[in-house]
Amino acid sequence: MRKRAITILLLCLAIFSVLPLATASASTSSVQIHGQGTLHFSGNLYGGTPGLYGPEGSFKVTNSSGQVVFSDYRATSSSPGYFSFSVPNLPLDTYTITGKGETPNTSVTFYQPSF
């Protein structure tokens, strides 16, 4: 019984030590905001490969039912690359803003979105 408990404990430790590594390599960021009107969000793209290409990212805004209400693509020549978007005429809802790095080694960070 004791060996089984130790085996389960070690298995749990192994799983929880691998999860942070998997999320650290992901290049997707998201943030939620509740409100209505014109949504403003901005941030930076970091990464790319200097001398070859700058960081590139795709962005989308979805409402609480999962419907995409906005999507766009942004590419910059240097890192960090600033981006800013405005999405007008949104009804009262909770929105999820997602940014995904489209080039290798690219990450997305958001500033605080606002209505």
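Visitor: Rings first. How many aromatic pairs does the structure hold?
Guide: There are 11 aromatic pairs in this predicted model.
Visitor: Take Phe-41 and Phe-70. What kind of aromatic pair do they form?
Guide: Phe-41 and Phe-70 are edge-to-face. Their centres lie 6.1 Å from each other, and the planes make 85 degrees.
Visitor: Why quote both a distance and an angle?
Guide: Because a pair of aromatic rings is described by the distance of the centres and the angle of the planes.
Visitor: Where do Phe-41 and Phe-70 sit in the chain?
Guide: Phe-41 is in strand E1, residues 28-46. Phe-70 is in strand E3, residues 68-75. They are 29 residues apart, and the pair links distant parts of the chain.
Visitor: Is Phe-41 buried or exposed?
Guide: Phe-41 counts as buried because its relative accessibility is 2%, and the cut-off for buried is under 20%. Phe-70 is buried too, with a relative accessible area of 16%.
Visitor: Which residues do ring pairs link into a cluster?
Guide: Phe-41, Phe-59, Phe-70, Phe-83, Phe-85 and Phe-110.
Visitor: OK, new topic. What's the overall fold made of?
Guide: The protein has 1 helix and 5 strands. From the N terminus the order is α-β-β-β-β-β.
Visitor: And how are the strands arranged in the sheet?
Guide: They form an open sheet of 5 strands, ordered E3-E2-E4-E1-E5, with antiparallel pairing.
Visitor: Which are the edge strands?
Guide: E3 and strand E5 (107-110). Each of them pairs on one side only. The twist averages 20 degrees from one strand to the next.
Visitor: How many bridges join E2 and E3?
Guide: Strand E2, residues 56-62, pairs with E3 over 7 bridges, in the antiparallel sense. Within E3, Ala-75 stands opposite Glu-56.
Visitor: Back to E1. What about Leu-45?
Guide: Leu-45 belongs to strand E1. Its relative accessible area is 0%, so Leu-45 is buried.
Visitor: What about contacts across the whole protein?
Guide: Take contacts between residues at least 6 apart in sequence: 74% of them join residues at least 24 apart.
Visitor: Last one. How much of the protein is buried?
Guide: Buried residues account for 30% of the 115 residues. The accessible surface is about 7400 Å², with 59% of that belonging to carbon and sulfur atoms.

Terms used. Residues numbered from 1 in each chain as written. Predicted model: local features only at pLDDT ≥ 70, side-chain atom pairs only at ≥ 80, totals over all residues. Heavy atoms only, no water. Helix = DSSP H or I, 4+ residues; strand = E, 2+ residues; numbered from the N terminus. Buried < 20%, exposed > 50% of the residue type's maximum accessible area, 1.4 Å probe, protein only. Contact = heavy atoms within 4.5 Å. Areas by Shrake-Rupley, 256 points an atom, 1.4 Å probe, with all protein chains shown as cover. Phe/Tyr/Trp six-rings, centres within 6.5 Å; stacked < 30°, edge-to-face > 60°. Pairing = 2+ DSSP bridges. Axes fitted to C-alpha atoms, helices over the stretch in contact; angles between N-to-C directions.
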